[in-house]
Amino acid sequence: MKTTRTCQLLIVVIFLSMGTAAADLPAEENEVPDVKQNTEGEEEEEQVPPLGPLGERVVAGQSVYSQEETPAPEEAGQAQGEQGHEEPQEFVVVGEEKEDLPDQPPPPKPKPKEIPVVIGGTAAGEPCVFPFLFLGKEYADCTTEGRRDGRLWCATTYDYDRDKKWGFCETEEQAEERRQAEEMEEQYQSAVRMINTTNRRSQKREAYERLLKISGKGHTKASEKVAYAMLFGDYMAQNVTKAKDLFEKLALEGSPKAQMALGFLYAAGLGVNSSQAKALVYYTFGALGGNLVAHMILGYRYWGGVGVPQSCESALTHYRLVANHVANDVSLTGGSAVQRIRLLDEVENPGSTSSMLEEDLIQYYQFLAEKGDIQAQVGLGQLHLNGGRGVEQNHQRAYEYFNQAANAGNTHAMAFLGKMYSEGSEFVPQNNETALQYFKKASELGNPVGQSGLGMAYLYGRGVPVNYELALKYFQKAAEQGWVDGQLQLGFMYYNGIGVKRDYKQALKYFNLASQAGHILAYYNLAQMHATGTGVMRSCHTAVELFKNVCERGRWSERLMTAYGSFKDGDMDAALVQYLLLAEQGYEVAQSNVAFILDQTEGSRIFSENETYPRALLHWTRAAAQGYTVARIKLGDYHFYGYGTDVDYETAVIHYRLASEQQNSAQAMFNLGYMHEKGLGIKQDIHLAKRFYDMAAEASPDAQVPVFLALCKLGFIYALQYLQDLNLKEAVSQVDLDQLLGPEWDLYLMTVIALLLGTVIAYRQRQHQAPLRPPPVPPRPAAPAPPADQPDQQQQQQPAPAMPEEQ
C-alpha cells in the first residue's frame with residue numbers, strides 16, 4: 001500500500017513539475033529582455049495570478065460595489081418564489097508579450113462575460129443588460145445604488161429610468177452572506193491597519209486577537225495571518241500543531257499561502273514527519289496558485305538540486321518570475337537594505353555586527369543632530385528614508401532631518417528632499433515642481449544626487465518637457481562622480497537607445513558599475529542580459545545568481561530582522577522556525593543561523609536531541625554550498641568528531657582542504673596541519689604539517705600564537721623521534737678521533753685546558769690585589785632655619801650624618 005501511494009505521489013510531482021515549467025515561461029520581448037529602470041513601482045503583491053499553460057494570466061473578476069443610498073426602485077410586488085441563483089464568476093484573460101516560439105499555438109481568445117439572469121423585480125428571468133442607465137449614470141455591472149437593503153440589482157434594458165425593467169442579481173441568502181463577508185473584510189482591514197501602523201506590542205497583540213475572532217467566522221485572509229502568527233510566534237503563543245491544522249483546512253479551500261506553508265512544514269519536519277516528496281507537491285501547488293515565496297523556494301531547490309534533479313533553466317524560470325515582482329516594487333531609493341546578521345559572529349564577537357547600530361549610538365547621533373551637526377542630520381535622514389541597521393523606515397523623521405540640513409545649505413539634503421517629493425509618500429505628497437526646485441539647487445552646487453534627479457525629470461518629463469540630451473548630460477555628470485542612479489540610468493539609455501545610439505557594451509559597463517554599489521535594479525538588468533545573451537555570452541548560472549540576489553531583496557527579507565529579534569529576546573523556537581523558512585527560500589545567512597541554533601546545547605526545544613546534529617549538518621552543508629567558509633569548516637568538524645554522522649577523517653580532510661584552497665581559511669590550514677601531524681585520514685607527514693601551520697600564520701595574524709605553540713610541540717616531537725632513531729653508543733664507538741683531529745689530538749686538548757686554567761687563576765688574583773677605597777663623603781648640606789615655634793623638635797627629628805666608617 002505504501003509503495004503504491006508513493007508511486008502515485010511521484011507521478012503527481014513529475015506531472016506538476018512539467019506543468020510548472022510550461023506555465024512559468026517568463027515574459028520577454030522578441031529580441032532583448034525588459035530592462036528595469038528607476039521608476040516608481042507599485043506595491044508588491046504577495047500573490048500573482050496563476051499562469052495558464054500558454055503563458056497568459058487568468059484573473060478571477062470581482063466587482064467593487066458602492067453602497068451610497070439614493071432613491072431606489074420600489075420593493076413592493078417583487079417576486080419571492082424563485083429558487084436561489086448563485087452569482088456567476090467572471091474570468092478575464094489578459095495576454096502578455098512573449099518570445100516568438102514557433103511550436104506554440106496562439107493564445108486563446110478571451111471568454112465573453114457571462115450575463116446573470118435576474119431574480120424577481122419587474123423582469124424576472126430576463127438577462128441583465130450592461131451597461132444600463134440609472135439616474136443618468138451608466139453601470140457596467142450589478143450595483144447596490146438606490147437600495148437601502150444593499151442587494152445587488154441590474155436593469156434588463158439600457159434605460160431603466162424610462163422602462164423600469166429590473167431584477168435582483170442575487171437571492172436574499174446570497175445578499176446576507178455577501179454583507180457578512182463585507183463586514184468581516186472591513187474588520188480584517190482595520191486589524192491589519194493597526195498591525196502596520198503601531199509599534200506597541202500590546203496593540204499588535206490586540207489586533208491579532210481580533211484576527212483570531214474573524215478567523216473563527218471563516219475569513220480566509222484572517223485565518224492565513226493567524227496561522228502564520230501561530231507558526232512563528234508573532235504576538236501570539238507559538239503553536240505549530242494548531243497552525244498545521246489551520247493550514248490544512250485552508251489548503252483544502254485552495255489557499256496558495258497555506259499550500260506553501262504545508263510544504264514548509266513537511267520539508268522541515270515541523271509538527272509532521274519530514275517528507276520531501278509531499279513538500280515538493282505542496283510547493284508546486286502553491287506556486288501554481290501564484291505564491292511568490294513558493295516560486296522562490298522551488299527556484300532554490302532546482303538551483304541546488306534539493307529534493308529534485310538540478311536544473312539551471314527551471315531555477316531561472318522561477319527566480320525570474322519572482323524577480324520581476326521585486327523589481328517592480330523598487331523606487332528611486334534602490335530598495336530597502338537587507339539585514340544579514342550571523343548569529344555565530346554576534347555570539348563570538350558581541351557588538352561586532354557591522355549591519356546594526358547600537359541604540360546608544362543612534363541616540364548619540366540624534367543628540368548631535370539636535371545640536372545642529374549637519375552630517376548627523378543627513379546620515380539619520382538617509383537611515384530613516386531607507387530603513388535598515390536597526391532603524392525602522394520613517395519618512396516623517398527623514399523629512400525633518402533633511403529639512404534641517406538643507407536649511408543649513410547641505411546639498412545632499414536638498415537632493416534627498418527632491419527625491420522624496422519626486423516619489424511621494426504618505427507623509428510627503430508627490431510634487432514635481434518642488435522636487436525640481438530642490439534638484440536644481442543641489443545640481444547647481446555640483447551635487448551628483450541632484451544632477452541625477454534633474455536627469456530623471458528631463459528623461460520622463462516630470463515638471464519639465466522631455467529632453468533626452470539634457471537627461472544624458474546630467475546622468476553623465478552624476479556617473480562621473482560615482483553616483484549609482486546616474487550609472488543605472490546611463491545603462492538604461494544605452495540599452496534602449498534613448499537619446500544615444502543603442503550600445504549593449506556601454507549598457508553592460510554602467511550596469512556593472514551600479515551593481516558594485518548594490519543597486520537592486522542593476523542586478524536585475526544584468527540578470528536579464530545574461531539570461532538572454534544580450535551584449536554578453538548567455539550564462540544561465542550567472543543569471544540565476546543575479547536573479548536570486550534580486551529575489552532575496554523582496555519584502556519577505558524583513559523576516560530576517562524579526563527572527564533576529566526573537567533570538568535576542570531568548571525565544572529560540574520562534575527564531576528557529578523563522579530562520580528555517582528563510583533557509584528554505586535560499587538565504588545562506590538563515591541556513592547558517594539555523595545550524596548555529598541547532599548546534600547549541602541550550603538551543604531549540606522543537607526537535608529532539610538525536611535530531612539536532614543531523615539537521616544542523618544538513619544546513620551547514622547548504623550554507624557551505626553557497627560559499628560560506630565557516631560552514632565548510634563546520635562540516636569538517638562534524639565529520640572529524642562524528643556529530644550527526646559517523647567519524648570520517650577522510651571527508652573531514654576534504655572539507656578542510658576546500659576551505660583552505662577556495663577561501664584561504666587559516667582555521668582550515670591549521671586543522672590540516674594537525675591532521676598531517678597525527679596522520680588522521682591522511683598520511684602522517686611532519687614536514688607537511690609544519691608547512692600548513694606556517695600557511696595558517698601567514699593567512700591570519702590571529703593564528704600566529706596557536707601556530708607558535710603547535711610548532712614548538714612539533715619541534716619537540718621531532719627531536720624526540722630523532723633521538724629515538726639515533727643510537728648514541730654506536731655513534732660514539734664509530735667516531736675515530738685520531739682520524740678526525742690528528743694523531744696528537746690529546747696534546748692539543750691538554751694545552752687548551754691548561755691555557756683556560758691559567759686565564760682563570762690570573763683573573764682571580766687581580767681581583768684580590770685591587771685596594772678597597774671607601775666612597776667619598778658627600779658634603780653636608782646646610783640645614784634650613786627651623787621655624788620659630790618648633791626649633792628643638794626639628795633638631796631632634798633630623799638624624800646625624802653617617803661617619804665614613806659607617807658608610
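Residues are numbered from 1 along each chain as its sequence is written, and side-chain values use heavy atoms, with hydrogens and water left out. Because the model is predicted, local features need pLDDT of at least 70 and side-chain atom pairs count only at pLDDT 80 or more, while totals for chains, interfaces and linings use all residues.

Confidence is given as pLDDT (the predictor's confidence in each residue, from 0 to 100). The chain averages a pLDDT of 78, and 75% of the residues score at least 70. A contact means heavy atoms within 4.5 Å. Over residues 783–807 pLDDT also stays under 50, and the model has 10 contacts there beyond four places in sequence. Where pLDDT is low, the predicted coordinates should not be read in detail.

The chain has 35 helices and 6 strands. Both are DSSP runs, numbered from the N terminus: helices are H or I with at least four residues, strands are E with at least two. Of the 807 residues, 44% are buried. Buried means under 20% relative accessible area, exposed means over 50%, and partly exposed lies in between (1.4 Å probe, protein chains only). The chain exposes about 44000 Å², and carbon and sulfur atoms supply 52% of this area. Accessible areas come from the Shrake-Rupley method with a 1.4 Å probe; for residues, only the protein chains shown count as cover. Among contacts with a separation of 6 or more, 58% join residues 24 or more positions apart.

The largest nonpolar core holds 159 residues. Such a core is a set of buried Ala, Val, Leu, Ile, Met, Phe, Trp, Tyr and Cys residues joined through side-chain atoms within 4.5 Å. Phe 247, Phe 264 and Tyr 579 touch the most other members. Apart from this core lies another, of 14 residues, among them Ala 155, Tyr 160, Trp 166 and Phe 168. Beyond its neighbours within four places in sequence, Tyr 579 contacts residues including Ile 341, Leu 343, Leu 560, Tyr 564 and Ile 597.

Helix H29 comprises 13 residues, 666–678. At 1.5 Å a residue, H29 should span 18 Å; its end C-alpha atoms are 19 Å apart, which agrees. The expected span is 1.5 Å times one less than the number of residues. At the start of H29, a side-chain oxygen of Ser 665 comes to within 3.4 Å of the backbone nitrogen of Gln 667. The buried residues of H29 include Ala 666, Met 669, Leu 672, Met 675 and Glu 677. Their cover includes helices H27 (629–641), H28 (649–663), H30 (686–699) and H31 (704–725). Gly 679 follows H29, with a positive phi near 70°.

Three further buried positions were examined. Ser 275 lies in the loop between helix H7 (256–268) and helix H8 (276–288). Ser 275 counts as buried because its relative accessibility is 19%. The side chain of Ser 275 reaches the backbone nitrogen of Lys 278 at 3.3 Å. Leaving aside neighbours within four places in sequence, Ser 275 contacts Tyr 266 and Ala 267. Leu 488, in helix H19 (residues 484–496), is buried at 0% relative accessibility. Leu 488 and Phe 475 are 13 residues apart in sequence, and their C-alpha atoms are 8.8 Å apart. Lys 548 lies in helix H22 (residues 540–551) and is buried, with a relative accessible area of 7%. Outside four places in sequence, Lys 548 contacts Tyr 300, Trp 303, Tyr 319, Gly 586 and Gln 626.

Backbone geometry was also examined. Most residues other than glycine have a negative phi, and most peptide bonds are trans. A cis peptide bond joins Phe 130 and Pro 131, with omega about -5°. Pro 131 is found in the loop between strand S2 (90–94) and strand S3 (132–134). Leu 135 has a positive phi, near 50°. Leu 135 sits in the loop between S3 and strand S4 (137–139) and is exposed at 52% relative accessibility. Lys 164 has a positive phi near 60°. Lys 164 lies in the loop between helix H2 (160–163) and strand S6 (166–168), and is partly exposed, with a relative accessible area of 44%.

How values were computed:
A polar contact is a pair of N or O atoms within 3.5 Å; within protein, one must be able to donate a hydrogen and the other to accept it, and residues adjacent in sequence count only if both atoms are side-chain atoms.
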